Amino acid sequence: MTRRSLTHKDLVRWFLILPTQLVFVLCMLTFLVSDLYLTLHCEVRHIERINQLLARDVASSHAPLHQRQIENLLQLFPEIENAAFFATPANVAIPKSNNRAHPLAILFNDYMSFNQPVVLSSSHDQTQAQQVYGYVNTTLNLTRIRQQWLHNIWLPCLVMLVLDGLLMWYILRLAKRMTEHLPAIEKISKQVLADKPVDLSRYASLQEDSSALLIERTLLHSLHRQARLQAELQQLKTDTQTLKQQQLAQMQQFSSFQNLLTHEFKNAIGHVNTGLELLQSHYLTEEQQDAVNVIGMSIQTVDSKLDQIIQLIRIERGQTGVDLAYFNPNQLLEEVIANYQPFAEQKGLTLTLKTYHADYRLEGDAGKITTIVSSFVDNAIKFTEQGKVLVSSQLQHFEHRIRWTLQIQDTGVGITQKHIDQLFDPFFEAEPAPIVLHHPYSNALFLVKKLADLIGASIEVSSELGQGTTVIVSMVLLDWQNRDERKLLQGFQLALWLSDHPYNLAANYLIGLGAQVAVYEQPHNLLDQLLQQPFDALLICPSIDFEQANALLSQLRRQQTNRRILVIYYYHKLTARQIELLQINGIDHLQAISTDVSNAELRQLAQHLASYLL
């Protein structure tokens with residue numbers, strides 16, 4: 001049940017008109033009753049005194065009232081209805097006087113009689129007892145007095161009623177002026193309480209200057225201000241949308257220009273490389289060979305800078321995301337050290353890895369982490385002429401996450417604090433040095449900072465000029481051991497047939513999902529193991545061509561007797577005829593995958609595999 005709110009009519013009716021009229025009526029009734037009572041009471045007292053005078057006159061004259069006296073009395077006092085003398089027997093004692101009239105009798109009786117005893121006493125004998133000679137009776141007509149009072153009071157009452165009407169008219173006019181905007185404000189209030197937009201243009205009569213109440217003017221001022229702010233906000237939204245569209249159009253134009261420019265640069269670099277290859281095939285003198293080598297190194301430098309610019313553009317556009325997958329931090333660091341070990345030995349440096357934790361599995365973007373670590377190791381080797389480069393790794397365990405801290409320390413030339421603040425500026429170098437491209441994973445430091453920000457890693461650099469530099473990379477990663485995904489393929493034995501090294505990552509990924517994986521590269525060994533070992537599924541990688549896969553599948557299905565192994569072929573491209581032949585030979589599932597498989601696609605393929613096995 002909803003509670004009814006008071007309207008302006010209720011306010012005027014219950015809090016203005018009724019109380020005012022009620023007070024007026026009570027005051028009028030009190031005045032009239034009191035005035036009537038006082039008038040009647042005065043007449044009663046007056047007649048009592050007249051009655052006493054008549055009694056004394058009769059007692060002094062020892063004669064009753066004459067008719068002439070009565071007529072004169074009635075003529076002088078019309079409110080007296082009758083006056084008479086009544087004689088009494090002798091020797092009657094004087095009664096106690098009790099002529100006081102009750103107020104209700106005065107107000108409501110029609111007549112009131114007054115009896116005054118006539119007492120005779122001897123002037124010679126003071127001891128003689130007083131005797132009642134008779135009574136003088138006077139009858140007062142109260143109705144006639146009330147009529148006279150009403151005749152005298154009606155004009156003042158009429159004047160008071162007229163004044164009351166004028167006062168009420170003035171009060172109602174003032175109340176109407178004060179409440180004329182309340183109906184519109186009530187509608188606005190209901191819209192505000194219902195969280196609906198208020199259109200003040202529909203209430204043209206509402207003006208702040210015409211409002212009588214301060215609270216009403218305040219409300220109107222707030223509503224007008226809100227309307228202005230909403231209009232300004234809408235205008236800002238429109239302007240923002242226009243600016244976004246203009247910015248998007250400019251970005252599209254700039255993106256097209258960047259793509260065209262990088263494409264032209266890449267084509268030019270490709271043409272130069274083709275020309276250098278042609279020169280390498282001819283006989284060149286030693287000076288010419290040196291010139292060709294310098295040109296080749298310069299082209300590699302330009303190509304590297306261009307790749308970095310392209311990568312920076314992709315990061316700025318948001319086209320580079322975080323590709324989460326499980327990885328082994330020890331294995332990742334060992335691969336980085338193995339890649340850079342020949343270059344360190346070439347400069348006579350000692351490149352060492354120290355891990356202060358056991359073998360573990362983490363979840364993160366292994367590709368970007370490899371780029372970050374490789375770039376700092378590459379930079380340390382480049383600016384270190386003698387001594388060593390030390391890479392250390394530590395893990396700090398939390399409830400469901402692990403903080404991985406990497407430290408790359410070298411004994412190189414070092415850098416001043418001023419240059420440390422500029423270290424991650426685009427293409428900054430404290431001292432220009434010849435650039436040697438050690439590994440494709442290495443990158444410029446400004447790109448390394450962008451990648452670190454992208455995956456949520458922090459970088460701290462401390463250095464002393466001539467003593468070396470220490471870089472600390474810290475990141476918080478998920479603990480793979482606490483993920484339910486690691487049990488996705490638990491209990492299944494899988495055979496993975498591949499002929500290309502990159503697909504070993506798929507084997508590691510399947511192991512991380514809990515499966516037991518055996519990797520095979522030769523088809524004859526694989527066929528024997530499939531017939532002897534209780535494998536649940538055979539996964540054929542895209543590196544195995546159609547003829548080999550079809551031949552092995554045909555032999556496997558012919559020689560299987562006790563149980564059937566699930567066979568899945570992952571391919572890049574197959575014709576309709578090839579798919580038909582594989583189905584004839586008993587393939588269970590065919591799965592098309594992209595050439596460069598991302599971690600997200602790997603997770604999706606693993607879920608499909610789990611659904612097949614289950």
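The crossing of helices α8 and α9 is right-handed, a term for a near helix turned clockwise from the far one by less than a right angle. The model is predicted: local features need pLDDT of at least 70, side-chain atom pairs count only at pLDDT 80 or more, and totals for chains, interfaces and linings use all residues. Residues are numbered from 1 along each chain as its sequence is written, and side-chain values use heavy atoms, without hydrogens and water.

The axes of α8 and α9 come within 10 Å and cross at roughly 30°; axes are lines fitted to C-alpha atoms, for helices over the stretch in contact, with angles from 0 to 180 degrees between N-to-C directions. Therefore α8 is roughly parallel to α9 (angles under 35 degrees count as such). Helices (H or I, at least four residues) and strands (E, at least two) are DSSP runs, numbered from the N terminus.

The table gives the residues that make the contact (heavy atoms within 4.5 Å).

| Helix | Residues in the contact |
|---|---|
| α8 | L332, L333, V336, Y340, F343 and A344 |
| α9 | A366, I369, T370, V373, S374, V377, D378 and I381 |

Of these residues, eleven are nonpolar, two polar and one charged.

Elsewhere, three strands form an open sheet in the order β1-β3-β2, with antiparallel pairing; two strands pair if DSSP finds at least two bridges between them. β1 (80-87) and β2 (111-120) stand at the edges with a single partner strand each, so one side of each lacks a neighbour in the sheet. The twist averages 15° from one strand to the next. Seven bridges join β1 to β3 (residues 131-141), and I80 stands opposite L140 in β3.

Terms used. Parallel < 35°, antiparallel > 145°, perpendicular 65-115°, else oblique. Nonpolar A, V, L, I, M, F, W, Y, C, P; charged D, E, K, R; others polar.
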